[in-house]
Each structure stands twice: as C-alpha cells, then as structure tokens.
Amino acid sequence: MSTKEELLDAKRNLDLIHYIKSQCNTKDINVGRSTFLVPCPFCGSGSRHFSVDRKKNLYHSFNGCVPPGSIVDYLINAESLSVHEAIVKAIKLNE
Ligand SMILES: [Zn+2]
C-alpha cells in the first residue's frame, strides 16, 4: 500500500472521537446518529462546542478556535506535529 492509500485508510477508519476521548479523558454526548459533542480539546472550553462526526471522521469547532478537519489536522493542531509527523502518526494509529 502506498503512503497515500494508507493515509486515506487512516482518515476513514481511525475512530476520531475515540482517539480524542482517550487523549483528553473526556466524556462525549451523542447528539445524533454519528455526531458527538465534547469539551473543546483546543481552547479548553468546558462548554461542549466541539463536535465530531463519526461517520465522516471530521471534527468541527463551533466557535472557530481551530479550523475543522480530519485526524491529521487534529494531530497537527493538538499535538503540534508537522504535516509529515501527523501523517506518520495517523497511519501508525490505524495499524
Ligand atoms: Zn475551542
């Protein structure tokens, strides 16, 4: 598998909400079939303005403290990784 395919695979299959919860030790509220709200991992806001779509595996912050994105964007922003490091980590997490 090429790196690009592995990355697409990771973006699709890695459970973003599960990963965020494991990192932030936080609880989610399930507000729809595949939508979860958690306290924001970026600005630390206690209000649940951070949503994760499990189906699309994308996150979105309602107050715009961080641009919406995928697991790779999450790793870049939350863990201060470079794009390359984030891709490598996402692929590893998906193994
Ligand atoms: Zn925030």
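Guide: Helices here are DSSP runs of H or I with at least four residues, strands are runs of E with at least two, and both are numbered from the N terminus. The model is predicted: local features need pLDDT of at least 70, side-chain atom pairs count only at pLDDT 80 or more, and totals for chains, interfaces and linings use all residues. Residues are numbered from 1 along each chain as its sequence is written.

Visitor: Which residue follows α3, and what is its phi?

Guide: Ser80 follows α3, with a positive phi near 50 degrees. Ser80 has this positive value although it is not a glycine, and its place is in the loop between α3 and α4.

Visitor: What makes Ser80 buried or exposed?

Guide: A residue is buried if 20 or more other C-beta atoms lie within 10 Å of its own, exposed if 12 or fewer, and partly exposed in between, with C-beta atoms placed from the backbone. Ser80 has 9 C-beta neighbours inside 10 Å, so Ser80 counts as exposed.

Visitor: How do you know whether Asn57 is buried or exposed?

Guide: Asn57 has 20 other C-beta atoms within 10 Å, and therefore it is buried. Asn57 lies in the loop between β3 and β4. Its phi is also positive, near 60 degrees, in a residue other than glycine.

Visitor: What makes a set of residues a nonpolar core, and which residues have the most contacts inside the largest one?

Guide: A nonpolar core is a set of buried Ala, Val, Leu, Ile, Met, Phe, Trp, Tyr and Cys residues joined through C-beta atoms within 7 Å. The largest such core has 18 residues, and those with the most contacts inside it are Leu16, Val52, Ile71, Val72, Leu75, Ala86 and Ala90. At least two core residues come from each of α1 (3–13), α2 (16–24), β3 (50–53), α3 (71–78) and α4 (83–94). The most, five residues, come from α3.

Visitor: What does Leu16 touch?

Guide: Two residues are in contact if their C-beta atoms, placed from the backbone, lie within 7 Å. Not counting residues up to four places away in sequence, Leu16 touches Val52, Asn57, Tyr59, Ile71 and Tyr74.

Visitor: How do you know whether Ala86 is buried or exposed?

Guide: Ala86 is buried because 22 other C-beta atoms lie within 10 Å. Ala86 sits in helix α4. Leaving aside neighbours within four places in sequence, its contacts are Val72, Leu75, Ile76 and Leu81.

Visitor: Which residues of α1 are buried, and why are they put on the same side?

Guide: The buried residues of α1 are Leu7, Ala10 and Lys11. They cover an arc of only 95 degrees around the axis, so they lie on the same side of α1; the arc is that of the directions from the helix axis to the C-beta atoms. An α-helix has 3.6 residues a turn, so residues three or four places apart point the same way. The buried residues of α1 pack against α3 and α4, while the face turned away carries the exposed residues Glu5, Leu8, Arg12 and Asn13.

Visitor: Why is α3 called oblique to α4?

Guide: Axes are lines fitted to C-alpha atoms, for helices over the stretch in contact, with angles from 0 to 180 degrees between N-to-C directions. The axes of α3 and α4 come within 9 Å and cross at roughly 125 degrees. Angles under 35 degrees count as roughly parallel, over 145 as roughly antiparallel, 65 to 115 as roughly perpendicular and the rest as oblique, which makes α3 oblique to α4.

Visitor: Which residues meet where α3 and α4 pack?

Guide: Ile71, Val72, Leu75 and Ile76 in α3 meet Val83, Ala86, Ile87, Lys89 and Ala90 in α4.
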